[in-house]
Amino acid sequence: MKIYSSERLARLAADRGMPDDYLRDLRVVSSVLPFKVNEYVADELIDWSAAPDDPIFRLTFPHRDMLPPHAYQRMATLLDSGADRKEIKAAAQEIQTSLNPHPGDQLASNVPLVDGRRVEGLQHKYAETMLVFPSQGQTCHSYCGYCFRWAQFVGISELRQAIRGPEAMEKYLAEHPEITDVLFTGGDPMIMKTEVLRRWTDPLLTRERDTVRTLRFGTKALSYWPQRFTSDPDADDLLRLFEEAIAAGKHVAVMAHFSHPNELETDEVRKAVSRIRSTGAVIRTQAPLIAHINDAPGDWSRMWQRQVEMGMSPYYMFMERDTGAQSYFGVPVVRALEIYRAAVRGLSGLGRTARGPVMSAAPGKVHVHGIAEAGGEKAFVLSFLQARDPELVGRPFFAAYDESAEWWDDFKPLPGVGTLGPQ
């Protein structure tokens, strides 16, 4: 697999006909935010004749507006002046720190303790579910410009969530039998060779781990490298791993990230989906709603319909998190509601399984149901699909209507209510 990043990414863009002014923007923005594409994305998914407006190009290549204007100008000045690498890196790290690299209180509230010590690389926010960040899986086949886990890829160890081996995971699970669902995430766990992935999954298939009922794998591999499930040297071994987990009584769910219907159109992805499904594993699909890429109802209705036809289950339409390039990719909640409603309107019930718009915010997964009148005031109708406090799940509540709101922190209580959330 051929990878393009840093200066190789710029050379690829130049070779495919991108102009010099764009190449300058690419170098400036990619000095702060991580970008990487592989040959499959470059050759099979991007329509270079439509770049820079092609949606997959927008998804994987830099745009100058991904940085705040002052940050862009600062980095451009350093690069144009020939500043040394140390000065450029220091400025980049300062900007990275200002872009809210770990939203939703991930490091402050989600990292558990084993033997009184924080285990960086595990997260336990919801009672039933534990996230695992294997150190060997903390990269991806290609990077999404909107990724809320971009801080995993910029080389700052203090920002990186990673755990070296499964021992602390096993110990924590033994102490917390309420955890029934383990989600391997990253990065992308499908970047790991199967023999490495087995070191993490095999301990969960033992009789001692009967409390764990579900194994989930959060991955973009079906979009960016479906060969992981078809022609990679250990693709068959990976499918056997799924089969063995299912035979051990586990539900196996591939949480596939599809950002645009164009990612579903190659023969390779169709073959990969078929092979995964043949193991008994379920594929559930999710993605954020993002400006410049999929912020039209037709993108979602085509994507969800195609996924259903291929045997996948639409799961979530997320709101873009308040991190990284959110100012470029974010969509107001009012517009997100319009897009969601228009997208599902022409689908059968099988295509309406995706819940949205949904925010993975500090207190939990917030589902925005719609807009109504409450107490004489126009309001958003909300509920928690999951919550740090499980007593809040499923209880409807309201937030004051705001056309510009894009995130949980933008919501305000209705007049006279006093607090935001279920009463």
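In this predicted model, strand β9, helix α12 and strand β10 form a β-α-β unit that is right-handed. The helix of this unit, α12, covers residues 267-278. Strand β9 takes up residues 251-257 and runs parallel to β10, with five bridges joining the two.

Strand β10, helix α13 (residues 297-309) and strand β11 make a right-handed β-α-β unit. Strand β11 spans residues 313-319 and is parallel to β10, and six bridges join these two strands. Here T285 stands opposite P314 in β11.

How many of the eight residues of β10 are buried? Six are, so the strand, residues 282-289, is largely enclosed by the rest of the structure.

The aromatic side chains give another way through the model. A search of the whole structure finds 19 aromatic pairs. One of them is formed by Y143 and F153, whose ring centres are 4.3 Å apart. Their planes meet at 10°, and because planes under 30 degrees apart count as stacked, this pair is stacked. Y143 and F153 are ten residues apart, and each is in the loop between β6 (129-132) and α8 (167-175). Both Y143 and F153 are buried.

A second pair, F397 and W408, is arranged in another way. The ring centres of F397 and W408 are 6.2 Å apart and the planes stand at 80°, so the pair is edge-to-face. F397 belongs to strand β15 (residues 397-400), whereas W408 is in the segment after β15, so the pair ties together parts that are eleven residues apart in sequence. Are these residues buried or exposed? F397 has a relative accessible area of 3% and is buried; W408, at 12%, is buried too.

F397 and W408 are also members of one aromatic cluster, together with F380, F384, Y401 and F411. Y401 in turn has a charged residue at its ring: K378 lies over the face of Y401, at 4.2 Å from the ring centre. Elsewhere, R321 lies over the face of F148, with a distance of 3.9 Å from the ring centre.

Technical notes. Residues are numbered from 1 along each chain as its sequence is written. This is a predicted model: local features need pLDDT of at least 70, side-chain atom pairs count only at pLDDT 80 or more; totals for chains, interfaces and linings use all residues. Side-chain values use heavy atoms; hydrogens and water are left out. Buried means under 20% relative accessible area, exposed over 50%, partly exposed in between (1.4 Å probe, protein chains only). Helices (H or I, at least four residues) and strands (E, at least two) are DSSP runs, numbered from the N terminus. Two strands pair if DSSP finds at least two bridges between them. A crossover is right-handed if, with the strands pointing away from the viewer, the path from the first strand over the helix to the second runs clockwise. Rings of Phe, Tyr and Trp (its six-membered ring) pair if their centres lie within 6.5 Å; planes under 30 degrees apart count as stacked, over 60 as edge-to-face and the rest as tilted. A charge sits over a ring if NZ of Lys or CZ of Arg is within 6 Å of the ring centre and within 35 degrees of the ring normal.
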